[in-house]
Amino acid sequence: MIHAVIFDMDGTLVDTEKYLVEYWEKAGKLCGYPMTREDALFLRSLAAEYAVPAMKQRLGDDFDYHKVRSLRIRLMDRAKLPTERKPGAKEVLVRLKERGIRTAVATASAEEKARRVLTETGLYDSFSCVVCAPDMEHGKPMPDVYLHACRVLGEKPENCMAVEDSPNGVLSAYRAGLRTVMVPDLTLPGEEIRGCLYGVADSLPEILDFID
């Protein structure tokens, strides 16, 4: 029985993942690294503690993750990119509330950004809590952020559903023991995560089909 649904933010509730991928690639190239779209996609929801060694392995030991990340943030701030809800985001939150199911956010973003983005899109007040992976001991793809969200909600992981768009997010929720549904954004689920998924939905409202 599902008592709560915990959502990822970027690429799931808000249409920001496409910009993050675009500007990771731009920043990497401006810093002199042969960074590709595939490299940027790999970084979705990936905590720095795992991204640093992984990107060195992909692009060389001289890859400066923090330098590239800082430039990406500056470029995105300068571009003044729009912040928009994903289709069906508000609708699914209303329908979950009508069914007595609480909602939360478990995001790889920092608290200040999460609060700002969810407020700008009119979603912030819909959630019982917003939990940010940078505040945890380990970020995604480890389970910490989802386990903490369940504790705050007072629910067992097996009674919660996670909604994610990226492989690292899916792994985080699956490792925490949540029923994990993917709503693909930039990529479809690959072989490495298909066994972790309870289901795949074409849109946010379709996640309701996976709730008992």
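## Strand E5

In this predicted model, strand E5 covers residues 179–182. Arg179 and Val181 point to one side of the strand. Thr180 and Met182 point the other way. All four residues, on either side, are buried.

E5 has partners in E4 and E6. Strand E4 (residues 160–164) pairs with E5 in the parallel sense, over four bridges. In that pairing, methionine 161 stands opposite arginine 179. Strand E6 (residues 199–200) also runs parallel to E5, joined by two bridges.

Helix H8 (residues 167–176) forms a β-α-β unit with E4 and E5. The unit is right-handed.

Serine 166 sits in the loop between E4 and H8. Is serine 166 buried or exposed? Its relative accessibility is 0%, so serine 166 counts as buried. Beyond neighbours within four places in sequence, serine 166 is in contact with Arg44, Ser45 and Met182. Met182 belongs to E5, where Met182 points the same way as Thr180.

## Helix H5

Helix H5 spans residues 89–98. Its buried residues include Ala89, Val92, Leu93 and Leu96. Seen down the helix axis, the buried residues of H5 fall within an arc of 100°, so they line one face. An α-helix has 3.6 residues a turn, so residues three or four places apart point the same way.

What do the buried residues of H5 pack against? They pack against strand E1 (4–7) and strand E2 (102–107). Just after H5, glycine 100 takes a positive phi of about 75°.

Notes: Residues are numbered from 1 along each chain as its sequence is written. This is a predicted model: local features need pLDDT of at least 70, side-chain atom pairs count only at pLDDT 80 or more; totals for chains, interfaces and linings use all residues. Side-chain values use heavy atoms; hydrogens and water are left out. Buried means under 20% relative accessible area, exposed over 50%, partly exposed in between (1.4 Å probe, protein chains only). Two strands pair if DSSP finds at least two bridges between them. A crossover is right-handed if, with the strands pointing away from the viewer, the path from the first strand over the helix to the second runs clockwise. Contact means heavy atoms within 4.5 Å. The arc is that of the directions from the helix axis to the C-beta atoms.
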